[in-house]
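Welcome! Please take a look at the structure shown here, and keep it in view while you read the notes that come after it.

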Amino acid sequence: LSKENLEQASEVADRIFPDEHVSPSESFEASLDERKKSEYKNKVPHIEDLRYWVAKEYAKVLGTVGLYTQEADKEEAHWLGWFCVAPEARGRGVGTALLEHAISEARKAGVPLLRLYTSDHPDEETAQLLYEKRGFKITRKDKSGSDSGGKILYRELDLTGEGEVPCEETKEPVLSCHQVTIRKAIEEKLSPKHADESEIGRAHV
């Protein structure tokens, strides 16, 4: 994520998460600006160390993903945040690539666990399948405070001793299957300029 693509990333994530106590755009801004970070901490004092990446096709942002820590468990876990893919870009492997990148970054940080929370809302079904496939286990279920009811699902992935897990190739690959920093485009159909290392789509902060 950078100041150059902040507006696009915010538009994508805010559209997918429209009614949050703290919006994606606020989180993104806080990760790039110390003054905004101070304001952000006043709203969510337990959140620390915000980092975000975007997936891009040429100059267009397709999705976002982030990592953050919470004061209570920062020594043992990173949390997945604002993981989303624009509706028009879904079904092309973008979500898998973003998730793999976040997992790789969490592993580099040396923490044993990557955690997230989401919901059992029908709109989350595709994300739940992706989390299950990747090995995120449900550790807790809480009642949702929304009018629609349902449950909040807490998941975690054990990063200790885990090797890199290859993902399946898709019929319309957009990004490399390992991570968004495109080391090698699937079937060499894309060039590395579609994403770069400084700019790497549902989980909440």
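Below is a short tour by topic, from the overall fold to single residues.

Keep in mind that this is a predicted model. The protein chain has 205 residues, and 50% of them count as buried. Its secondary structure comes to five helices and six strands. If you walk along the sequence, these elements follow the pattern α-α-α-β-β-β-α-β-α-β-β.

**How H1 and H2 pack**

- Helix H1 covers residues 6-16, and helix H2 covers residues 24-32.
- The axes of these two helices, H1 and H2, come within 8 Å and cross at roughly 150 degrees.
- That angle makes H1 roughly antiparallel to H2, since an angle over 145 degrees counts as roughly antiparallel.
- As for handedness, H1 and H2 make a right-handed crossing.
- On the H1 side, the residues that meet H2 are Leu6, Ala9, Ser10, Ala13 and Asp14. Their partners in H2 are Pro24, Ser25, Phe28, Glu29 and Leu32.

**How H2 and H3 pack**

- Helix H3 spans residues 34-43, and its axis is 6 Å from that of H2.
- The angle between H2 and H3 is about 130 degrees, and the two helices are therefore oblique to each other.
- H2 passes H3 in a crossing that is left-handed.
- Here H2 uses Glu26, Ser27, Glu29, Ala30 and Leu32 to meet Glu34, Lys36, Lys37, Tyr40 and Lys43 of H3.

**The loop residue Ser23**

- Ser23 is located in the loop between H1 and H2.
- Is Ser23 buried or exposed? With 18% relative accessibility, Ser23 counts as buried, because the cut-off for buried is under 20%.
- Leaving aside residues up to four places away in sequence, Ser23 touches Asp14 and Trp82.

**Aromatic rings**

- Six aromatic pairs turn up in a search of the whole structure.
- One of them joins Phe28 and Tyr52: the ring centres are 4.9 Å apart and the planes are at 70 degrees, so this pair is edge-to-face.
- Which parts of the chain does the pair of Phe28 and Tyr52 tie together? Phe28 lies in H2 and Tyr52 in strand S1 (residues 47-57), so the pair links parts that are 24 residues apart in sequence.
- Phe28 and Tyr52 are both buried.
- Elsewhere, Phe83, Tyr131 and Phe136 form one aromatic cluster.
- A ring can also have a charge over it: the charged end of Arg140 sits over the ring of Tyr154, at 4.0 Å from the ring's centre.

**Two residues with positive phi**

- Tyr58 has a phi near 55 degrees, which is a positive value in a residue other than glycine.
- You can find Tyr58 in the loop between S1 and strand S2 (60-70).
- Tyr58 counts as partly exposed, at 49% relative accessibility.
- Trp82 is not a glycine either, yet it has a positive phi of about 45 degrees.
- The relative accessible area of Trp82 is 0%, so Trp82 is buried.

- How far apart in space are Ala55 and Val85, C-alpha to C-alpha? The distance is 8.6 Å, and the two residues are 30 residues apart in sequence.
- Arg134 is in helix H5, which spans residues 125-134.
- Although its side chain is that of an arginine, Arg134 is buried, with a relative accessible area of 10%.
- The C-alpha atom of Arg134 is separated by 9.9 Å from that of Ile103, a residue 31 residues away along the chain.

Conventions. Residues are numbered from 1 along each chain as its sequence is written. This is a predicted model: local features need pLDDT of at least 70, side-chain atom pairs count only at pLDDT 80 or more; totals for chains, interfaces and linings use all residues. Side-chain values use heavy atoms; hydrogens and water are left out. Rings of Phe, Tyr and Trp (its six-membered ring) pair if their centres lie within 6.5 Å; planes under 30 degrees apart count as stacked, over 60 as edge-to-face and the rest as tilted. Helices (H or I, at least four residues) and strands (E, at least two) are DSSP runs, numbered from the N terminus. Buried means under 20% relative accessible area, exposed over 50%, partly exposed in between (1.4 Å probe, protein chains only). A charge sits over a ring if NZ of Lys or CZ of Arg is within 6 Å of the ring centre and within 35 degrees of the ring normal. Contact means heavy atoms within 4.5 Å. Axes are lines fitted to C-alpha atoms, for helices over the stretch in contact, and angles run from 0 to 180 degrees between N-to-C directions. Angles under 35 degrees count as roughly parallel, over 145 as roughly antiparallel, 65 to 115 as roughly perpendicular and the rest as oblique. A crossing is left-handed if the near helix is turned anticlockwise from the far one by less than a right angle, and right-handed if clockwise.
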